[in-house]
Amino acid sequence: MIQMRHEYLESIDSTNNEIKRRAVAGETEGLVISAGKQTAGRGRSGHQWETPADISIATSLLLRPTVAIDHLSSLTLVAAVAVRRAIEELYGIETWIKWPNDVIIHGKKVCGILTEAAVDLESGMLDYAVLGLGFNLVQPSGGWPKELAAVAGSLFDSAPAPGARAALAAAFLNEFWALYHTGLRGSWLDDYRRRQALTGRHVTLIPNGSEPRGATVLGIDDDCRLLVRCDGDLAPTAFGSDEIRVIPELGTLA
């Protein structure tokens with residue numbers, strides 16, 4: 001039985017970094033650290049993820065799943081489903097997921113997810129995994145920066161009621177642990193596919209080390225890869241989240 005422990009910090013460099021420090025020191029699975037402000041947060045592909053005080057919250061979990069590194073991407077998708085369910089349960093807001101790790105409301109990103117891990121080189125199994133989430137609660141007082149205005153959104157139009165942060169974290173954790181304990185190949189994948197914002201959309205793919213290509217998204221395969229048909233190709237191709245970036249055409253997200 002996992003014993004969950006939750007710590008809240010006003011400010012920290014990164015909740016993921018703190019979880020990693022604790023994991024190396026021998027902390028057991030189930031530690032959750034949340035912070036109102038991050039000074040060195042990161043998103044996917046190393047992009048900076050700012051978490052200013054009062055408008056956002058960051059939460060990271062320490063996991064020690066007995067799976068190989070190949071299954072790491074499943075944790076991100078499970079977390080996205082848990083976030084979607086938590087938001088709809090609390091606020092009744094329809095949410096969508098942009099593969100692999102963005103939770104979308106009205107076409108704008110309100111939550112990003114970053115999963116990091118350390119591997120036991122002898123066994124090839126995960127030593128530990130860190131699951132980090134960054135929620136946008138409200139937009140900054142002066143609006144989103146120009147480079148984010150087209151993609152960033154928030155859960156609330158104005159300052160949330162007292163206790164909203166704790167309620168959101170608790171609802172997410174309840175949903176996530178229930179899914180996590182069913183295994184990383186559970187029925188949650190059907191939920192993920194039903195609320196996939198990219199399916200049927202035309203997008204631009206930016207593969208690592210290759211030229212961008214246009215493609216139509218066909219769905220998500222059983223290994224959590226994005227299944228697409230590239231422009232000019234007859235056969236579909238599947239990509240892992242570490243192989244490409246996906247840029248949807250403007251106005252195509254749910």
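Which residues are linked with Glu18 in a network of salt bridges? Glu7, Asp13, Arg21 and Arg22 join Glu18 in that network. The model is predicted, and the count of salt bridges in this model comes to 17.

- The side chains of Glu18 and Arg22 meet in a salt bridge, with N and O 2.7 Å apart.
- Glu18 and Arg22 are 4 residues apart in helix 1 (residues 15–24), so about one helical turn separates them.
- An α-helix has 3.6 residues a turn, so residues three or four places apart point the same way.
- Glu18 is buried because its relative accessibility is 13%, under the 20% cut-off.
- Arg22, at 21% relative accessibility, counts as partly exposed.
- Lys20 forms a salt bridge with Glu116, and their closest N and O atoms are 3.3 Å apart.
- Lys20 lies in helix 1 and Glu116 in strand 6 (residues 108–119), so this pair ties together parts that are 96 residues apart in sequence.
- Glu116 is buried at 17% relative accessible area, whereas Lys20 is partly exposed at 22%.

**Helix 2**
- Helix 2 (residues 72–91) has 20 residues, which should span 28 Å at 1.5 Å a residue; the end C-alpha atoms are 30 Å apart, in agreement with this.
- Of these 20 residues, 14 are buried, so helix 2 is largely enclosed by the rest of the structure.
- Within helix 2, Arg84 and Glu88 lie 4 residues apart, about one turn, and form a salt bridge with closest N and O atoms 3.2 Å apart.
- Arg84 is buried, with a relative accessible area of 7%, while Glu88 is partly exposed at 22%.
- After helix 2 comes Gly92, which has a positive phi near 65°.

**Surface patch**
- Ile69, Val119 and Leu121 make up a nonpolar patch on the surface, and their accessible area together is about 290 Å².
- Ile69 is in the loop between strand 3 (56–63) and helix 2, and is partly exposed at 34% relative accessible area.

- An open sheet is formed by 5 strands in the order 11-10-9-8-12, with antiparallel pairing.
- Strand 11 (237–239) and strand 12 (244–248) are the edge strands, each pairing on one side only.
- On average, neighbouring strands of this sheet are turned by 45° against each other, direction ignored.
- Strand 8 (residues 202–207) and strand 9 (residues 213–220) are joined by 4 bridges; His202 has Thr216 as its bridge partner in strand 9.
- Ile244 lies in strand 12 and is buried at 2% relative accessibility.

Note on methods. Residues are numbered from 1 along each chain as its sequence is written. This is a predicted model: local features need pLDDT of at least 70, side-chain atom pairs count only at pLDDT 80 or more; totals for chains, interfaces and linings use all residues. Side-chain values use heavy atoms; hydrogens and water are left out. Two strands pair if DSSP finds at least two bridges between them. Helices (H or I, at least four residues) and strands (E, at least two) are DSSP runs, numbered from the N terminus. Axes are lines fitted to C-alpha atoms, for helices over the stretch in contact, and angles run from 0 to 180 degrees between N-to-C directions. Buried means under 20% relative accessible area, exposed over 50%, partly exposed in between (1.4 Å probe, protein chains only). The expected span of a helix is 1.5 Å times one less than its number of residues. Patches are made of residues with over 30% relative accessible area and no salt bridge: like charges are joined within 9 Å, nonpolar side chains (Val, Leu, Ile, Met, Phe, Trp, Tyr) within 5 Å. Accessible areas come from the Shrake-Rupley method with a 1.4 Å probe; for residues, only the protein chains shown count as cover. A salt bridge is a side-chain nitrogen of Lys or Arg within 4 Å of a carboxyl oxygen of Asp or Glu.
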